[in-house]
Amino acid sequence: MAHAVFQSSSLSCSSSADFSKISAKASNIFGSQLRSQEIEQAHLRFLDYFKRNPTVKLKAVMGSSGLAQETIDNKPKVAGVTDEASNHFKELRQRFLGFKKDKYLGNLEHYRRLSEAQAPKFMVIACADSRVCPSSILGFQPGEAFVVRNVANLVPPHENGPSETNAALEFAVNSLEVENILVIGHSCCGGIKALMSLQDEAVSSSFIRNWVVVGKSARLKTKEAASNLNFDQQCRHCEKESINRSLLNLLTYPWIEERVIRGSLSIHGGYYDFIDCTFEKWTLDYRGSGFLTDSEYSIKNREFWS
């Protein structure tokens with residue numbers, strides 16, 4: 001600002017009449033109570049001061065530059081963060097090149113077929129948690145599983161409307177015609193902890209709360225069945241209960257229920273405990289009356305892998 005003001009000393013070349021017109025306009029615009037003559041006199045004294053003290057302009061310009069320099073110096077130091085991110089991507093680059101050399105180039109015919117079409121046998125719904133990657137745990141190779149991951153591996157019921165999860169379900173079932181849907185939960189799930197921590201009737205703008213509330217029926221059933229347990233134990237109970245609730249929610253989609261009844265699609269639950277590295281697997285046995293009462297479904301083919 002100082003730089004711009006002091007450079008306006010070139011106005012000293014303007015005629016007194018011209019400046020009177022400008023001053024009058026300025027007085028009008030800004031609603032000043034000063035008379036035009038007083039403004040003109042003040043301006044002339046201002047210009048005369050700079051004629052007699054030329055260094056003031058220089059100091060003002062230098063001060064302005066100093067202020068800009070200070071602003072530049074106060075910018076956040078992000079070099080360290082940038083270097084660290086660069087190192088992370090260097091590591092990813094090495095991993096990618098290793099994949100290309102060891103897997104891609106060694107299986108060119110397989111990847112050529114995948115470039116033309118995919119025909120996975122599994123649709124997997126898993127948690128977004130970084131510790132529970134389905135491909136790492138169960139060894140899925142490219143082309144074997146169509147995967148969607150969300151917080152707490154929840155499946156919303158059909159009546160809840162569109163979401164990325166049921167969009168993936170629709171594509172996997174109706175277009176890819178997968179033969180199995182596997183919902184995988186896991187130990188120490190933060191999404192389930194958030195679900196179990198919900199306050200009844202609480203209103204919140206949290207995206208997490210508004211998502212995990214999809215599992216409220218699992219929370220209610222856990223509160224009924226495990227009220228005598230501590231909070232962590234209740235969360236573990238709910239981690240498994242929510243998987244079963246999601247399996248039942250799958251049956252609210254007509255095109256899933258139809259295939260399950262026909263026998264062309266099976267729906268399964270899985271639970272990965274990464275504390276001791278064990279895996280439970282079970283299949284929902286649905287008798288297909290169209291009513292999801294406890295007598296219409298049961299669990300079969302339960303296995304425990306350790």
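**Exercise 1. Salt bridges**

Task: State how many salt bridges this predicted model holds, and find where the partners of the pair lysine 121 and glutamate 179 lie in the chain.

Solution. 
Step 1. The count for the predicted structure is 12 salt bridges. Side chains of opposite charge can pair when their charged atoms come close.
Step 2. In the pair of lysine 121 and glutamate 179, the closest N and O atoms are 3.5 Å apart. A salt bridge requires a side-chain nitrogen of Lys or Arg within 4 Å of a carboxyl oxygen of Asp or Glu, so this pair qualifies.
Step 3. Lysine 121 sits in the loop between α6 (108-116) and β1 (122-127). Glutamate 179 sits in the loop between α8 (164-175) and β3 (180-186). The two residues are 58 residues apart, and their pair links distant parts of the chain.
Step 4. Lysine 121 has a relative accessible area of 46% and is partly exposed. Glutamate 179, at 40%, is also partly exposed.

**Exercise 2. A pair between a helix and a strand**

Task: Which elements hold lysine 240 and glutamate 280, and is each residue buried or partly exposed?

Solution. 
Step 1. Lysine 240 and glutamate 280 form a salt bridge, with 2.7 Å between the closest N and O atoms.
Step 2. Lysine 240 belongs to helix α12 (residues 231-250), and glutamate 280 belongs to strand β5 (residues 278-286). They are 40 residues apart in sequence, so the pair ties together separate parts of the chain.
Step 3. Buried means under 20% relative accessible area. Glutamate 280 has 13%, so this residue is buried. Lysine 240 has 26% and is partly exposed.

**Exercise 3. A network**

Task: Which residues are linked in a network of salt bridges?

Solution. 
The members are Glu109, Arg112, Arg113 and Glu116.

**Exercise 4. The annotated site**

Task: Which residues does UniProt list for "binding site", and why can they be said to gather at one spot?

Solution. 
Step 1. The unreviewed UniProt entry lists Cys127, Asp129, His186 and Cys189 under this heading.
Step 2. In sequence these residues span 63 residues. No two of their C-alpha atoms are more than 9.1 Å apart, so they gather at one spot.
Step 3. Of these residues, Cys127 and His186 are included in the lining of the largest cavity.
Step 4. Take aspartate 129 next. Its place is the loop between β1 and α7 (134-138). With a relative accessible area of 15%, aspartate 129 is buried. Leaving out residues up to four places away in sequence, aspartate 129 touches Arg149 and His186. Aspartate 129 also forms a salt bridge with arginine 131, at 2.7 Å from N to O. Arginine 131 is partly exposed, at 44%.
Step 5. Cysteine 189 lies in the loop between β3 and α9 (190-196). Its relative accessible area is 4%, and cysteine 189 is buried. Leaving out residues up to four places away in sequence, cysteine 189 touches Cys127, Ala152 and Glu239.

**Exercise 5. Pocket and cavity**

Task: What are the volumes of the largest pocket and the largest cavity, and which elements contribute to their linings?

Solution. 
Step 1. Rolling a probe the size of a water molecule over the atoms shows where empty space is left.
Step 2. The largest pocket has a volume of about 180 Å³. Helix α12 gives the most to its lining, with 5 residues. The lining residues include Cys189, Glu239 and Tyr271.
Step 3. There are 3 cavities of 30 Å³ or more in the structure. The largest cavity holds about 50 Å³ of space.
Step 4. β1, α7 and β3 each supply at least two residues of the lining of this cavity. Among the lining residues are Ala126, Pro134, Ile184 and Phe279.

**Exercise 6. The whole chain**

Task: How many helices and strands does the protein chain have, and what percentage of its residues count as buried?

Solution. 
Step 1. The chain has 13 helices and 6 strands.
Step 2. The protein chain has 306 residues, and 32% of them count as buried.

How values were computed
Residues are numbered from 1 along each chain as its sequence is written. This is a predicted model: local features need pLDDT of at least 70, side-chain atom pairs count only at pLDDT 80 or more; totals for chains, interfaces and linings use all residues. Side-chain values use heavy atoms; hydrogens and water are left out. Helices (H or I, at least four residues) and strands (E, at least two) are DSSP runs, numbered from the N terminus. Buried means under 20% relative accessible area, exposed over 50%, partly exposed in between (1.4 Å probe, protein chains only). UniProt positions are given in the numbering used here, feature names are shortened, and annotations may be inferred rather than shown by experiment. On a 1 Å grid over the protein atoms alone, a cavity is a set of points where a 1.4 Å probe fits but cannot get out, and a pocket is an open set with protein on both sides within 12 Å along at least five of seven lines; lining residues have an atom within 4 Å of a point. Contact means heavy atoms within 4.5 Å. Grid points are joined across faces, edges and corners, and a volume is the space filled by probe spheres set on the points.
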